[in-house]
Amino acid sequence: MTRAQQVAFGVMVAFFALAPLVLYPVFLMKVMCFALFACAFNLLIGFGRLLSFGHAMFLGTAGYASAHSAKMWGFPPELAILFGTACAAALALVSGALAIRRQGIYFAMITLALAQMLFFYFLQAPFTHGEDGIQAVPRGKLFGLIDLTNIWAMYVTVAVVFFAGFLLIFRAIHSPFGQVLKAIRENEARATSLGYNTTLYKYLAFILSGTLAGLAGAVKAIVFQLASLTDAHWSMSGEVVLITLLGGLGTVFGPVAGALVIITMENYLAQLGAWVTITQGIIFVICVLAFRRGIVGEIAHFIKKPL
């Protein structure tokens with residue numbers, strides 16, 4: 001990490017450590033789940049230049065798998081989360097193989113089509129309970145010892161998962177694998193001429209992104225004790241695009257900042273009803289026109305340091 005990144009990471013850790021003293025822990029857990037989801041998406045679009053309009057399928061699939069295994073099969077929370085994440089990884093393997101050979105709008109449309117197919121499957125499948133979703137999902141005891149019905153135990157668990165996922169993405173970005181992804185983003189033809197199998201690298205990035213998005217969905221289902229169609233809907237794929245662009249596309253900390261802003265708006269402006277979406281749209285337009293690099297992107301540009 002650079003000095004600036006160390007400071008940013010320290011600020012992020014301090015925020016999530018101290019914020020529960022003044023903010024509702026469940027709200028912060030939601031922020032962390034969506035931040036991990038956005039970080040996973042940013043790995044794909046910000047460093048691989050692959051715009052997916054169907055990333056909600058990983059969030060929703062993992063959520064349903066985690067909730068169903070915990071409620072109907074009696075899985076403990078750690079196994080339920082792992083099972084949900086594994087289902088998302090398997091889905092990424094299959095969907096990536098179908099979509100990754102296309103580029104640009106064609107790749108985006110294929111991912112959207114696959115996500116919509118899964119959405120309608122979840123709508124009709126008996127185990128999802130349609131529009132009611134899977135409710136009253138038991139949190140259980142982590143490793144048979146830690147009772148996750150305790151809000152603080154649940155908060156620490158989510159924080160550990162979030163920081164583990166964040167650091168994994170950070171390591172991937174700054175590894176040789178990440179450097180090749182950046183080369184593909186800048187000039188794929190040149191990367192190919194240097195001997196790199198660009199399709200394979202993009203496929204691996206898609207799998208990693210889908211798996212970590214699934215991890216966010218699996219944890220979210222345990223936190224809220226609910227898996228619903230909302231997480232698999234196309235609008236969720238649009239929301240993660242908004243979060244990433246608002247925070248800063250291609251930055252490490254941008255998706256976290258974007259998630260904090262968007263989730264704060266959704267929670268504290270909820271009494272406005274449909275006006276929340278309109279407000280988000282206005283902010284997005286202002287972001288595109290005034291600071292196109294996003295919140296963290298503009299800060300990084302100002303201090304001349306990568307964030």
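Asparagine 42 lies in helix 2 (residues 25-48) of this predicted model, in which local features need pLDDT of at least 70, side-chain atom pairs count only at pLDDT 80 or more, and totals for chains, interfaces and linings use all residues. Residues are numbered from 1 along each chain as its sequence is written, and side-chain values use heavy atoms, with hydrogens and water left out. Helices are DSSP runs (H or I, at least four residues) numbered from the N terminus. With a relative accessible area of 3%, asparagine 42 is buried (under 20%; exposed is over 50%, partly exposed in between; 1.4 Å probe, protein chains only). Not counting residues up to four places away in sequence, asparagine 42 touches Phe47, Thr244, Gly248, Leu249, Gly250, Thr251 and Pro255 (contact means heavy atoms within 4.5 Å).

Alanine 19, in the loop between helix 1 (3-18) and helix 2, is also buried, at 5% relative accessible area. Beyond residues up to four places away in sequence, alanine 19 touches Ala14 and Leu28.

The axes of helix 6 (residues 151-173) and helix 9 (residues 198-224) come within 11 Å and cross at roughly 175° (lines fitted to C-alpha atoms over the stretch in contact; angles run from 0 to 180 degrees between N-to-C directions). The two helices are therefore roughly antiparallel (over 145 degrees). Met154, Val158, Val161, Leu168, Ile169 and Ala172 in helix 6 meet Leu208, Leu212, Leu215, Val219, Ile222 and Val223 in helix 9.

Tryptophan 275 lies in helix 12 (residues 275-290) and counts as exposed, at 53% relative accessibility.

Key:
Angles under 35 degrees count as roughly parallel, over 145 as roughly antiparallel, 65 to 115 as roughly perpendicular and the rest as oblique.
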